Number of protein chains: 2
Amino acid sequence: MTKTTPVSTIGERALIARLSKIFTTARSCSPEIILGAGADDCAVIDITDKDCLVVTTDMLHRRTDFPSRMSPWQIGWMAAAVNLSDIAAMGARPVGILSALGFPADTDVGLVEDIARGMDDCAKACGTTVIGGDIDTHDELTITGTAIGRVKKSELLTRCGAQAGDMVCVMGCVGSAGAALRALGDWKGTQVSDSILRALFEPVPHTTDAQELAGSGAVSSMMDTSDGLALSLHDLAGAGAVGFKVYEDALPIKDEVLAFAGSADKALDLALYTGGDFGLLFTVRPDMVEAARGACDLTVIGKVVGRDMGVTITRMNGTSLPIYRKGYLQLTNTVK
Amino acid sequence: MTKTTPVSTIGERALIARLSKIFTTARSCSPEIILGAGADDCAVIDITDKDCLVVTTDMLHRRTDFPSRMSPWQIGWMAAAVNLSDIAAMGARPVGILSALGFPADTDVGLVEDIARGMDDCAKACGTTVIGGDIDTHDELTITGTAIGRVKKSELLTRCGAQAGDMVCVMGCVGSAGAALRALGDWKGTQVSDSILRALFEPVPHTTDAQELAGSGAVSSMMDTSDGLALSLHDLAGAGAVGFKVYEDALPIKDEVLAFAGSADKALDLALYTGGDFGLLFTVRPDMVEAARGACDLTVIGKVVGRDMGVTITRMNGTSLPIYRKGYLQLTNTVK
């Protein structure tokens with residue numbers, strides 16, 4: 001009998017690494033592929049002397065990806081937002097989104113139309129539109145979105161490029177979506193405001209700000225924070241072969257989230273280890289911070305250090321602790 | 001109580017039409033969108049003065065889309081092939097494919113790798129590669145592929161353009177995949193050869209031939225026959241606002257499929273009303289048939305007539321019958 005290895009035992013990142021090895025080294029096969037499978041938020045295709053195209057796809061399911069209180073319109077919005085956030089993370093302007101929808105045969109037509117309206121509204125909010133798709137019957141509601149963007153090669157932002165001395169910045173708040181998820185789940189009975197719930201249910205991709213950042217020339221690397229700040233910090237540090245030193249007192253946590261958490265430790269846990277915020281995490285050349293500020297409303301949360309220094313957080317009391325590589329991971333479907 | 005309308009009662013094409021209305025008229029929102037949702041096999045994006053990009057997405061599920069005897073490698077091949085066939089149908093050269101994979105958490109890693117190898121091998125056979133994707137846990141194996149292609153605007157082929165007097169042509173055989181499906185299902189106990197089974201399990205997109213056809217300038221409209229010849233004839237005739245007169249004795253049906261069917265009526269039923277062949281259906285200007293023949297090994301199956309004459313087939317005995325608008329349709333998951 002052949003020994004089997006369930007995917008749940010190796011986890012999402014290890015499986016992606018194994019699959020990426022199978023997919024022919026993209027560049028040798030197609031010289032127009034600038035970045036291929038497994039490398040970044042999007043694949044990158046060379047289309048003209050000056051421009052490239054970025055493409056990304058994300059599959060979402062009713063049970064694992066959409067909190068039960070989400071409306072059909074919010075489900076559609078979210079399915080578009082996760083993809084458009086990846087396009088934004090590359091500094092690109094979205095040019096269209098495709099939507100493959102699977103749902104049970106007895107689903108009400110009106111519900112499917114509400115999902116479509118949510119997708120379309122999110123696409124419009126990002127200056128684009130739904131340009132194609134597919135429908136299919138399926139036991140569980142499943143939505144795969146694919147978004148396409150365009151960016152000047154000179155302005156393309158990837159996860160690689162951070163250098164020691166750069167500043168680590170965040171655009172948007174951290175921990176808000178996580179607080180909403182806790183209020184709906186583990187910490188049931190606690191209340192959060194509609195604005196915090198919307199952070200979870202209706203995340204807004206930072207499409208315009210990301211393009212401004214890309215155009216500023218100040219950014220050395222970028223990604224979104226959808227899997228949580230800690231995991232994103234580790235991914236960005238790993239891609240740049242650097243370390244990050246982050247300061248607790250600099251983290252952009254909403255007052256309501258601080259109050260909801262009830263203690264500094266719990267607030268920090270929300271800020272670092274919960275996902276769903278869809279902010280931008282990026283590094284900025286030290287002499288370009290003002291240029292980056294001119295592009296968007298950013299928060300400097302730390303600085304880039306040598307790889308050997310790892311990814312750490314300096315607490316309010318001055319102690320330094322490692323930030324663990326954990327957050328929302330697929331396959332195991334847990335925060336670990 | 002609000003009255004609900006299950007999607008199964010209105011069917012795939014009606015639902016696509018309703019969703020397409022919701023998605024903002026693409027062109028008014030993004031002038032670079034040449035063709036948007038619901039219009040053709042692919043959406044079309046303007047990228048340079050001379051070239052455009054075509055994009056398509058397809059969601060497939062274990063139970064409804066993959067016959068139980070398919071191997072994991074064949075499942076991966078099929079998931080790539082359905083998308084690459086849509087790219088071919090526009091006359092485009094594929095530049096990459098993305099793969100979103102959902103599977104149960106206890107799935108063996110080796111099985112997922114075999115699916116990935118199948119996708120990669122099909123992509124390579126079409127001169128391209130898997131450039132990105134997503135993985136997700138899910139009760140039922142689900143694969144959403146998204147393929148991207150590039151074509152000169154002057155060579156882009158769409159479903160619109162057939163004119164009365166054009167010749168109706170097919171590249172590839174009809175009824176082979178349907179015979180294999182029947183042998184595995186309704187007509188269990190009957191045998192088909194490995195080559196017929198491969199027509200169902202390992203469909204080969206006509207990537208090169210389609211580009212040759214596009215380059216010949218002979219073709220006025222084109223699509224693939226994945227949903228069956230009858231449905232494809234109706235779709236192509238509808239898009240061109242024309243009718244088709246097809247001849248039974250011209251249909252490219254393999255001898256083995258004729259023998260398997262056992263009667264002319266049953267063979268015709270297989271040829272018209274079963275899907276999965278992934279051939280190309282196209283119309284050719286009457287004075288350009290030889291040019292088209294120079295591009296690929298085609299079969300002329302009939303001619304384009306006025307819209308009021310509908311879509312008909314002339315039987316061997318000279319009688320003319322309507323071809324019904326039926327084939328494989330999603331939502332109802334039946335041939336009807």
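Q: Through which surface do the copies meet, and why say so?
A: The copies meet through the same surface, because 100% of the interface residues of chain B are also interface residues in chain A.

Q: Before we go on, what am I looking at?
A: This is a predicted model, where local features need pLDDT of at least 70, side-chain atom pairs count only at pLDDT 80 or more, and totals for chains, interfaces and linings use all residues. Residues are numbered from 1 along each chain as its sequence is written, while chains are lettered from A and ligands numbered from 1 in the order in which they are written.

Q: What rotation superposes chain B on chain A?
A: A rotation of 180°, with 0.0 Å of shift along its axis. The RMSD is 0.0 Å, by least squares on the C-alpha atoms of residues with pLDDT of at least 70 in both copies. The two copies are therefore related as by a two-fold rotation axis.

Q: Which residue of chain B comes closest to the rotation axis?
A: B:Thr144, with its C-alpha at 3.4 Å.

Q: New topic. How is chain A divided?
A: Into domain 1 (40-154) and domain 2 (157-335). The bounds come from an automatic or database domain assignment. The C-alpha centres of these two domains of chain A lie 23 Å apart.

Q: How many residues are in contact there?
A: In chain A, 24 residues of domain 1 are in contact with 24 residues of domain 2. Contact means that C-beta atoms, placed from the backbone, lie within 7 Å.

Note on methods:
Two residues are in contact if their C-beta atoms, placed from the backbone, lie within 7 Å.
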